[in-house]
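Subject: Structure handover

Hi,

Here is the structure I promised to pass on to you. Please open it alongside this message.

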Amino acid sequence: MKHSLIIARYGELGLKSNRVRGRFERKLSSNIKASFNCEIDINQARIFIFPEDFNEALAKLHKIFGIVSFSPAISTYSNFDDIEKTLGEYTDKLVDEGLIDSETPFAIRCRRVGSHDFSSQEAAAFAGAVVVRKLGCPVDLTNPKFVIYLEIRENETYIFHEKIPGPGGLPLGTQGKLISLISSGIDSPVATYLMMKRGCEIIALHCDNDPFTKQKTEEKFENIVKQLKTYSSGVSFRSRVVSYGDYLQKCKDDAPEKMTCVLCKSGMYKIAGMLAKDMGALGIIDGSSVGQVASQTLPNILATREDVEVPILSPLIGMDKVEIERIAKEIGTYDISKEDDGGCSAVPRYPETKADIERVREAKEDMGQDEALTKAYKTIEF
């Protein structure tokens, strides 16, 4: 079926003040136009999109943050003669595509904005009669198997039958920049996606733990970044890599063995904090979920973050693994993260799970953490 436009809807943007909503609408429009060629008109919480390529548009709108749902639609004038003609043609095409027939219980849902000489209920009843005359199918307003929507806005009426879910959230690029600590695992890409959904521009930071990890780890990071970039239309998604192996070796050589993971995570946060200051980012993202691994017990979370100078955001903090994996599958990072990369050989047999802050501070001082991190930071290529 050919359509003349796509109607997209946003959600919480409508709750903002007029000035903020206008700014968010402009950014959302810009992000859509960066994803595919189109013309856009935004009017009263609706985004009217006129794409050059409908299939491309429908595929890419799934990845534009800020869009709650969207509908391929056709338009006509807001009088009963034109509605009857256009709806009749629309119904014929629905029949041709096998979407509705004479036995399909259906309903008309009508939404009207503006001044007209008929009510929404009258317009719905009229449209329903058009379909009944065409097909003879039964009307079921309570539990229909098929719904046709009419959206009447002043002199234009839009007809559609699908409401395709979008990702929701806020337009990307409206909430500032964050440094995201992305490993090759399942969690951190999901955490990054969730903060992108809240409108944040991402600078991905990966700690290369060579020789404690294999080359496959770096390949997975690159592939994860590539997949996350598909959700970043209209906004840059940059990445940086820090050579972290020498620092990790120093943790193993000059600190208690069981503290390796705590000191490793502490160093990652501080490196990310340094990068945040240099790149104008407002915080750090990580994939922590309480109790999931040794470094994510509450005592260890406190010990690893206590001297970091920028906020650390952990959107997965209360999620379990099943919830996280479900999102990873939905966004296309799960299969990448599940590829075997050999893991990290620096992990001690019995890692610390109840770190004492004072002992961690002593260990950081004894190993010269600040000096080691400054040296590691210089390996980042800008």
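Below are notes on one helix, the cores, one lysine and the pockets.

This is a predicted model, so local features need pLDDT of at least 70 and side-chain atom pairs count only at pLDDT 80 or more, while totals for chains, interfaces and linings use all residues. Residues are numbered from 1 along each chain as its sequence is written, and side-chain values use heavy atoms, with hydrogens and water left out.

Let's begin with helix 4, residues 120-135. Helices (H or I, at least four residues) and strands (E, at least two) are DSSP runs, numbered from the N terminus. The 16 residues of helix 4 should span 22 Å at 1.5 Å a residue, and its end C-alpha atoms agree, being 23 Å apart; the expected span is 1.5 Å times one less than the number of residues. Its buried residues are A123, A124, F126, A127, G128, V130, V131 and L135 (buried means under 20% relative accessible area, with a 1.4 Å probe and protein chains only). Their cover includes helix 3 (80-96), strand 5 (106-113) and strand 6 (146-153). Just after the helix, G136 has a positive phi of about 75 degrees.

Next, the cores. A nonpolar core is a set of buried Ala, Val, Leu, Ile, Met, Phe, Trp, Tyr and Cys residues joined through side-chain atoms within 4.5 Å. The largest has 39 residues, of which L205, Y244, L263 and I271 touch the most other members. Helix 8 (260-279) is among the elements that each supply at least two residues, and gives the most, with ten. Apart from this core lies another of 29 residues, among them I186, L228, F237 and I324.

Do look at K364, in helix 12 (residues 357-367). This lysine is buried, with a relative accessible area of 6%. Leaving aside neighbours within four places in sequence, K364 is in contact (heavy atoms within 4.5 Å) with L263, S266, A303, E306, D307 and Q369.

Finally, the pockets. On a 1 Å grid over the protein atoms alone, a pocket is an open set of points where a 1.4 Å probe fits, with protein on both sides within 12 Å along at least five of seven lines; lining residues have an atom within 4 Å of a point. The largest pocket holds about 1,000 Å³ of space. Of its 38 lining residues, S183, G185, M268, V293 and C344 are the closest to the centre. Helix 8 gives the most to this lining, with five residues. The second largest pocket has a volume of about 220 Å³.

Best wishes

Key: Buried means under 20% relative accessible area, exposed over 50%, partly exposed in between (1.4 Å probe, protein chains only). Grid points are joined across faces, edges and corners, and a volume is the space filled by probe spheres set on the points.
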